[in-house]
Amino acid sequence: MSTVPGKLSPSEFLAELQRDLNRAKSHSSGVSVGNSGAVTAAPKEVSADVQNSVETETKIASNSPNISIADALLGNSFGYVTPPPSVLTVESPATPAATNGNAAPRDNSDAARNSTQITGLLDRVNNLLGPAPTAKAPEGPFVPKAPESIEAAGLTAEEIERLILKMLFQRGVATGRMIASQICMPFILIEPLLKIFKYEQLVVFKSSAAMGDYEYLLTDNGRERARRYASETTYSGSATVTLKSYLQAMSAQSIAKQHATEEDVQRAFSDLIMNMKMLDRLGPAINSGRGMFLFGEPGNGKTSIAERITSCFGSNIWIPKALGIDGDIIRIFDPAVHVPIKQEVSTSLLDANTNIDTRWIQIRRPTVIAGGELTMAELEVRQNQQTKVCESPLQLKSNCGTFVIDDFGRQRMPVTELLNRWIVPLEKRYDFLNLPSGKKIQVPFDQLIIFSTNLEPKDLVDGAFLRRIPYKIEVLDPTEEEFRKLFALVAPGQGFQLDRESLDAVDYLIATHYLAKNRPFRACQPRDLLLQVRNFCLYKTLPRKLTPASFDFACDNYFSVM
């Protein structure tokens, strides 16, 4: 019963003991696991009492040629200093039990004593182990656990072989642990494969490395096979995750299960000047987890509002680096839109707290923004014809987060084409994607869709589509009071001091260039006008100070065609 420390659960450990007990009870073998002389390690969940008992009795078993660990434990559990004679005397199947050739009858009292001893042993070990764990998974956030085998990871040895050989083909030389880190698989699962590759003369040892590792180099046969694999796809990154695992993860981390409170919303928008009425309209829309229209005049902060909505939930999620679906590799993690959370992962073999599947990466809930450059191709799976690696569509990258369609109505494709593409996903909360192999898959459409536009929604879409977007929120012009607060918020960042003279200049600006001309306030204008004044001061080598003359200069430029 030789085991690896920390790899058996208590139930598995008991099962191993039961097998030894069965062998002791039947007396069918004179050789036991104790003959190896190796100390059997209890699982990490087993108490120190059990572990010490196992180690002590293993020494007894190793010194007695016809006794197993379970037999030794039997003696200990009933107070024997040495195992009882009934256990020590084990008949060999090759030796006749009686001189007359007939099997000797088994004493019923011995059988009864054996049964009592077995029951006593199991009760003792169960008491030391404590209550058995329940089958229900513990409640808490989703965390991907490291696979215990290649099969448990949803992969095959051939898929791992392709990644390893292509990685060595591109890199040249790498240690076993470097290879495991590159393909994001535990080294304990990779090491046996590397030994097989060496036996098959696909790799050779270049030199030894730390911790019993080696530097590996491809042979001519290995390079030829890697070249053949690379012709199919050049991908040699993280091992892929199955679609089933991805669906389970998205369900566990769904944005529909997140609820933002009034305090959460106020915290997310604390750096913007927002009135409470606007926040009270946004809050329920955010909690719906479905979709909303943000419409209003340009420059009032629709995009800024949309960018901050995801932070109302304030949580991180796990996404796979790549999906593997029937030979197609779909890249999910995109550094251009995803913000990773730095993880301190230990590589120690003895650290039990690093049981995280590194094929996944933890990120902030994503906020994906697409503007007028959005095309229909970005909403479908796209395969690079050179690398044969697929890029996931934007809605897949934004799952469990927010997808913002900025400047809606100004895309190069017709609005009706985009609406027809999404009218079913918005209703059903799932989408269908076509893969290069010809297969069609169903994936979650689990994000808060925000359509930001300067146009009236009713002028863009029909009633059938508006029904599927339950919240339509108009972003109004700021009031005069909010306009002044925006100046106070932005001015220090541009290097201006809002002293009495500067506040008088702001009064002059509002009276002369807004109220007198019946010009509406816009939320972006304080920032834009202060930039004009700053650039004017830099050009004239003047101190940064707000004056009526500097505002006149800025307004002449800014409002010349407005």
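Mentor: Contact, for us, means heavy atoms within 4.5 Å. Helices (H or I, at least four residues) and strands (E, at least two) are DSSP runs, numbered from the N terminus. This is a predicted model, in which local features need pLDDT of at least 70, side-chain atom pairs count only at pLDDT 80 or more, and totals for chains, interfaces and linings use all residues. Residues are numbered from 1 along each chain as its sequence is written, and side-chain values use heavy atoms, without hydrogens or water.

Trainee: OK, which elements cover the buried residues of α10?

Mentor: Among them are β5 (316-320), β6 (322-325), β8 (360-364), α14 (394-397) and β14 (440-444). The buried residues of α10 (residues 243-252) are L243, Y246, A249 and M250.

Trainee: And what makes the buried residues of α10 line one face of the helix?

Mentor: Look down the axis of α10: those residues fall within an arc of 125° (taken from the directions from helix axis to C-beta atoms), so they sit along one face.

Trainee: Why does C184 count as buried?

Mentor: Buried means under 20% relative accessible area, exposed over 50%, and partly exposed in between (1.4 Å probe, protein chains only). C184 comes in at 6%, so it is buried. C524, at 17%, therefore counts as buried too.

Trainee: Then why is N518 called exposed?

Mentor: N518 has 70% relative accessibility, so it passes the exposed cut-off. You'll find N518 in the loop between α19 (500-515) and α20 (525-540).

Trainee: How many disulfides turn up in the whole structure?

Mentor: The search finds 0; a pair of cysteine sulfur atoms would have to lie within 2.5 Å to count.

Trainee: What makes β1 and β2 the edge strands of their sheet?

Mentor: Start with the order: this open sheet of 3 strands runs β1-β3-β2, with antiparallel pairing. β1 (173-175) and β2 (203-208) each pair on one side only, and that makes them the edges. On average, neighbouring strands here are turned by 35° against each other, direction ignored.

Trainee: How do you know that β1 and β3 pair?

Mentor: Pairing takes at least two DSSP bridges between two strands. β1 and β3 (residues 214-218) have 3 bridges, in the antiparallel sense, with V173 opposite L217. β2 and β3 pair in the antiparallel sense over 5 bridges, and there F205 stands opposite Y216. In the hairpin of β2 and β3, with 5 residues between the strands, M211 takes a positive phi near 60°.

Trainee: What goes into the largest nonpolar core?

Mentor: It has 31 residues, and those with the most contacts inside it are I160, I164, L168, I179, M185 and I190. A nonpolar core is a set of buried Ala, Val, Leu, Ile, Met, Phe, Trp, Tyr and Cys residues joined through side-chain atoms within 4.5 Å. The elements giving two or more residues are α6 (157-171), α7, α8 (187-199), β3 and α9 (220-232).

Trainee: Which residues does I164 touch?

Mentor: Leaving out residues up to four places away in sequence, I164 touches I179, I183, I190, L194 and F197.

Technical notes: Axes fitted to C-alpha atoms, helices over the stretch in contact; angles between N-to-C directions.
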